[in-house]
Amino acid sequence: MGEIALNPRGAQVYDLLFPVVTREWAWRPRLISQLVAGLPVTTTAPSEAASSPVILDVGAGTGTQALAIAAAAPHARVVAVEPGTSVHAAHLKPNPHGVVWVRADAAALPFADGSADRIVISLALHHMSGEVRRSALREFRRVLAPDGRLHVVEFGRPTDPFMRVMSAVGRRLDDYDGMRDPYAGRIPALLHAAGFHVRPGRRRRTPGGVIEVTEAWPRE
Ligand SMILES: C[S@@+](CC[C@H](N)C(=O)[O-])C[C@H]1O[C@@H](n2cnc3c(N)ncnc32)[C@H](O)[C@@H]1O
């Protein structure tokens, strides 16, 4: 459980398999549209504008998602946070919109209170122990601006017998203990306990299990 250590070759294999196992095309493009919708637009490059909206991609892995977010919101400052060595593979990728790579843990984010307009975390919460996951969600609440939005992509409760089988296999191959809460459908309750309003999104059946995209925003 915890950070994933990938060398550049491992990262290449991961980048080939991940879209298939998670049926990424069914949720990632829509997630990115939702994420950038309503962001303030500036005409200045993010490196020059102190007022550029800030998007954190936490548990960014090999950086595919952070790079796609930056392409969709070139006026934003996109920061990819990753504690593992996959960040080295991410560094090697073309980065035309200046994603900033930060090596840090979700449970101790090196950012000021209320400094992020958007936070996204995709399929990383199940790699954390229960305690780290709760700390990470509290950190998201602290770092998110009062009018900010958090988007969580995570495995969810299997919806039918076939998904129960696929989820059981996925759990064996992935982070068995870390998946306990996601598979029991407890992510919305954990978000609520960390101080968020929660809007559950569509659930999608994938070869790796049911994937849910949940939107959350700070409670006063
Ligand atoms: C399955 S990968 C997902 C990567 C990326 N979000 C994506 O969608 O392709 C999970 C990532 O979560 C990271 N991770 C694990 N524990 C973490 C923690 N405590 N804080 C931040 N990231 C963590 C792992 O190192 C790994 O890169």
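**Exercise 1. Determine whether Gly 130 is buried, partly exposed or exposed, and state its place in the chain.**

Step 1. A residue is buried if 20 or more other C-beta atoms, placed from the backbone, lie within 10 Å of its own, exposed if 12 or fewer do, and partly exposed in between.
Step 2. Gly 130 has 14 other C-beta atoms within 10 Å, so Gly 130 is partly exposed.
Step 3. Gly 130 belongs to helix α5, residues 130–143. Helices (H or I, at least four residues) and strands (E, at least two) are DSSP runs, numbered from the N terminus.
Step 4. From Gly 130 to Asp 181 the C-alpha distance is 8.0 Å, although 51 residues separate them in sequence.

The model is a predicted one, in which local features need pLDDT of at least 70 and side-chain atom pairs count only at pLDDT 80 or more, while totals for chains, interfaces and linings use all residues. Residue numbers start from 1 along each chain as its sequence is written.

**Exercise 2. Describe the overall build of the protein chain.**

Step 1. The protein chain has 8 helices and 7 strands.
Step 2. Its radius of gyration, taken over C-alpha atoms, is 16 Å, close to the 17 Å from the globule rule (2.2 Å times the number of residues to the power 0.38) for 220 residues; the chain is therefore as compact as a globular protein of that length.
Step 3. The C-alpha trace spans about 50 × 45 × 30 Å along its principal axes.
Step 4. Of the 220 residues, 44% count as buried.

**Exercise 3. Which residues of helix α2 are buried, and what covers them?**

Step 1. Helix α2 covers residues 28–36, and its buried residues are Leu 31, Leu 35 and Val 36.
Step 2. These buried residues fall within an arc of 120° seen down the axis of α2, so they line one face of the helix; the arc is that of the directions from the helix axis to the C-beta atoms.
Step 3. An α-helix has 3.6 residues a turn, so residues three or four places apart point the same way.
Step 4. Pro 29 and Ser 33 are exposed, on the face turned away from the buried side.
Step 5. The cover over the buried residues includes β1 (54–58), α3 (64–72), β4 (116–122), β5 (144–155) and β7 (209–218). Here two residues are in contact if their C-beta atoms lie within 7 Å.
Step 6. Just after α2, Gly 38 takes a positive phi of about 80°.

**Exercise 4. Which residues touch the most other members of the largest nonpolar core?**

Step 1. A nonpolar core is a set of buried Ala, Val, Leu, Ile, Met, Phe, Trp, Tyr and Cys residues joined through C-beta atoms within 7 Å.
Step 2. The largest such core has 55 residues, and Val 78 and Ile 119 touch the most other members.
Step 3. Strand β5 supplies the largest share of this core, 5 residues.
Step 4. Leaving aside residues up to four places away in sequence, Val 78 touches Ile 55, Asp 57, Ala 66, Ile 69, Ala 70 and Val 99.
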